[in-house]
Amino acid sequence: MTSEPVISAKNLSLTFETNDGPVHALKDVTLDINKGDFVSFIGPSGCGKTTFLRVMADLEKPTAGEITVNGVSPEEARKARAYGYVFQHAGLYPWRTIGGNIRLPLEIMGASKAEQDAAVKEVLELVHLDGFEKKFPWQLSGGMQQRASIARALAFHADILLMDEPFGALDEIVRDHLNEQVLELWARTNKTIGFVTHSIPEAVYLSTKIVVMSPRPGRITDVIESTLPKERPLEIRDSPEFIEIAHRVRDGLRAGHEDDA
Amino acid sequence: MAGLWHRLGPIVTVVIAIFVLWYAGAVALNAAWAQDKAKRNNIELSFSELVADTMSQKKPKLPAPHQVGQEIWKTTGAMVLKGKAFSKRSLLYHSGVTLSSTLLGFAMGTALGIALAVGIVYNRTMDMSVMPWVIASQTIPILAIAPMIIVVLNAVGISGLLPKAVISMYLSFFPVVVGMVKGLRSPDHMQLDQMKTWSATDGQEFWKLRLPSSMPYLFTSLKIAMAASLVGAIVGELPTGAIAGLGARLLGGSYYGQTIQIWSALITAAALAAALVGLIGLMQTMVLKRMGMVR
């Protein structure tokens, strides 16, 4: 790709000062994410994958290095509403309907009623929750709630979607189903997606680029460009190509752990 | 039917136990006076005569429940039937006086409590400085400060309802501050981060997240505040010369040893408090149900 990367990090470091001394959550992280990429961040806990995502979202400030989002600082990008962020828990407001929850960011951003109505209809359809607008969160299953939370992140048409272990709390079968839907959604919207996970099959199945990270200090140990086609039925997970990539991810994770053993 | 008993059974049992204890207490405490009377008249009382006497004295140490019940009926229902529902001898009149300052004080206390809580949550200086004063304010005995409030407000020309309401406010703002500070701080990190990703202003965060999240805490506080407010109103009526209100009935009763009048005022106050707290409980259930916070 010839265009500017959507997200570009150069020698990015983030050190938390704690009572037990400094913790190097990120150290010298350099990575480019291009438009339309689906990038997964995988690694054991403490490897800085979530921290990296939070730095992109301006929820954490790096202590050294540079990062740009859409060519500007994360803070400017956040204020320009450049990204939607999906947390591990759906975090829907119990006192708002599904539609009301999706409207929430739009109300905050001052969208008109007509714009809100149109957006709610559009994103509910994208996550296959049409007809659930008037339901309350407690009337939905965990998987459906998480889909509603993705719809909410999509509602204001940001080009970037950042997802922090969005399916971590869901069971395997629901997770498979949602993975398929996320791929479909990505194909239809052509968004740039950053996706944190600790599931190898999930990372390989979803991504065009897999970033393997390891802890103490949090750093990137491998970046794998996926050779899988864009069209991915669930059965692709049994193909030799898929197993090959999963193998490389596993090797990368193991290499990061060697100095621990 | 079984379901109804399941709900009412424990309540009925406790009520029966209270009545049994109350009657037993009345007999035990009033027996000495009955015996004295009998001795002076050189009469020997049988047990049943003794029990009957303990329950029909004019100024018993502990009036029996039915005596209190009769007194309450005489000063409420019977007055209504005579068309004098709000004469000065009617408990309804006195309850109304106490109720009005309770409600005014409650409203003022709730407003003050919420305002202080918002200040504490949003202003670092207030967070560090206000709470100790709020707590200190509640360690001062209300009986000591109530006359001062009445005197000071009278000196600046404020009398009547407002000084009593101020005393109610003084007691009722406290649970609201404590509950609302906790309630406004109840949204977790994730919810606050989420607001930040949308670049929400402080105001939007308050109205759309913090305030709705605090509702369960608010209603719990309001129940305590309402009960405290009623106590404040009654206490506030004592130093005003006991002209009107349930507090006045209590004080008047104690001047003249009218224990039945004292107890009927007490029971009325308790019933009033129960009704007010129950009303807030009802509102709580309705609001929280609508908000999807109880199921």
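Which residues make up domain 1 and domain 2 in the domain assignment of chain A? In this predicted model, domain 1 of chain A covers 7-82 + 160-258, and domain 2 covers 92-157.

**Domains of chain A**

The centres of the two domains of chain A, taken over C-alpha atoms, are separated by 25 Å. Against domain 2 of chain A, domain 1 of chain A buries area to which Arg81(A), Leu185(A) and Arg188(A) contribute 38%, more than any other three residues.

| Pair | Residues in contact | Buried area | On carbon and sulfur atoms |
|---|---|---|---|
| Domain 1 of chain A and domain 2 of chain A | 15 residues of domain 1 with 15 residues of domain 2 | about 1,300 Å² | 68% |
| Chain B and chain A | 20 residues of chain B with 25 residues of chain A | about 2,100 Å² | 62% |

**A helix pair in chain B**

Helix H8 (residues 161-184) of chain B packs with helix H10 (residues 202-237) of chain B at an angle of about 155 degrees, and their axes are 6 Å apart. Angles over 145 degrees count as roughly antiparallel, so H8(B) is roughly antiparallel to H10(B). The crossing in which H8(B) passes H10(B) is right-handed. By class, 16 nonpolar, ten polar and four charged residues form the contact of H8(B) with H10(B).

How values were computed: Residues are numbered from 1 along each chain as its sequence is written. Chains are lettered from A and ligands numbered from 1 in the order in which they are written. This is a predicted model: local features need pLDDT of at least 70, side-chain atom pairs count only at pLDDT 80 or more; totals for chains, interfaces and linings use all residues. Side-chain values use heavy atoms; hydrogens and water are left out. Axes are lines fitted to C-alpha atoms, for helices over the stretch in contact, and angles run from 0 to 180 degrees between N-to-C directions. Helices (H or I, at least four residues) and strands (E, at least two) are DSSP runs, numbered from the N terminus. Angles under 35 degrees count as roughly parallel, over 145 as roughly antiparallel, 65 to 115 as roughly perpendicular and the rest as oblique. A crossing is left-handed if the near helix is turned anticlockwise from the far one by less than a right angle, and right-handed if clockwise. Ala, Val, Leu, Ile, Met, Phe, Trp, Tyr, Cys and Pro count as nonpolar, Asp, Glu, Lys and Arg as charged, and the others, Gly among them, as polar. Domain bounds come from an automatic or database domain assignment. Contact means heavy atoms within 4.5 Å. Buried area is the accessible area (1.4 Å probe) that two parts lose on being put together, summed over both.
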